[in-house]
Amino acid sequence: MNDLRDLYQQLILDHNQSPQNFRDMEDATSKVDGHNPLCGDEITLYLKVIDNTIEDISFKGSGCAISKASASIMTTLIKGKTVAEAEGLFTRFHTMITTGKISGDMGKLAVLAGVYKFPARVKCAVLSWHTMNNALHNKTELTTTESL
Ligand code: ZN
């Protein structure tokens with residue numbers, strides 16, 4: 001249990017300090033803003049989808065360590081996936097983060113499974129994922145965790 005907690009903390013720290021794919025994207029095919037008013041997390045998510053494949057994904061914004069780490073890890077997993085694969089991962093991540101149940105290979109995301117016990121933190125963790133899912137479906141209005 002301590003090992004998992006240490007791993008979790010290290011992962012959050014690493015991705016918060018040096019987030020992956022943290023940049024603007026000039027040639028994005030989709031761009032969606034997301035907001036978690038409960039915590040104040042804000043994200044702008046960029047997707048470049050070509051022939052049903054996510055060629056590139058990046059984000060900008062400011063927020064707490066969990067929101068930033070979750071967004072950073074997400075970009076590393078989603079890049080290069082097909083739209084269907086990204087949707088599948090979104091569904092499995094959503095189940096994990098709201099129930100703690102892990103299905104299939106969640107990679108590094110598995111360390112976030114314990115977050116479901118903290119409902120306020122769940123919104124921090126899912127913000128980037130919901131924003132990404134809306135970007136996939138070209139729902140370009142502001143994504144907010146308020147309605148979740
Ligand atoms: Zn937050």
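I started with S72, which touches H15, P19, Q20 and F59, leaving aside residues up to four places away in sequence; contact here means heavy atoms within 4.5 Å. I note that this is a predicted model, where local features need pLDDT of at least 70, side-chain atom pairs count only at pLDDT 80 or more, and totals for chains, interfaces and linings use all residues. Residues are numbered from 1 along each chain as its sequence is written, and side-chain values use heavy atoms, with hydrogens and water left out.

**Entry 1: around S72.** I found S72 in helix α2, residues 65-78. Helices (H or I, at least four residues) and strands (E, at least two) are DSSP runs, numbered from the N terminus. Is S72 buried or exposed? S72 counts as buried because its relative accessibility is 0%; buried means under 20% relative accessible area, exposed over 50%, and partly exposed in between (1.4 Å probe, protein chains only). I also saw that the side chains of S72 and H15 make a polar contact at 2.6 Å. That term means a pair of N or O atoms within 3.5 Å; within protein, one must be able to donate a hydrogen and the other to accept it, and residues adjacent in sequence count only if both atoms are side-chain atoms.

Entry 2: C64 sits in the loop between β3 and α2 and C124 in helix α4, so the pair ties together parts that are 60 residues apart in sequence. I checked both C64 and C124, and they are buried.

Entry 3: I followed β2 and β3, which run antiparallel and are joined by 9 bridges; two strands pair if DSSP finds at least two bridges between them. E42 has S62 in β3 as its bridge partner. The two strands form a hairpin with 2 residues between them, and D51 in the turn has a positive phi of about 50°.

**Entry 4: helix α3.** I noted V83, A86, L89, F90, F93, M96 and I97 as the buried residues of α3. Seen down the axis of α3, they fall within an arc of 145° (taken from the directions from the helix axis to the C-beta atoms), so they line one face of the helix. These buried residues pack against β2, β3, α2 and α4.
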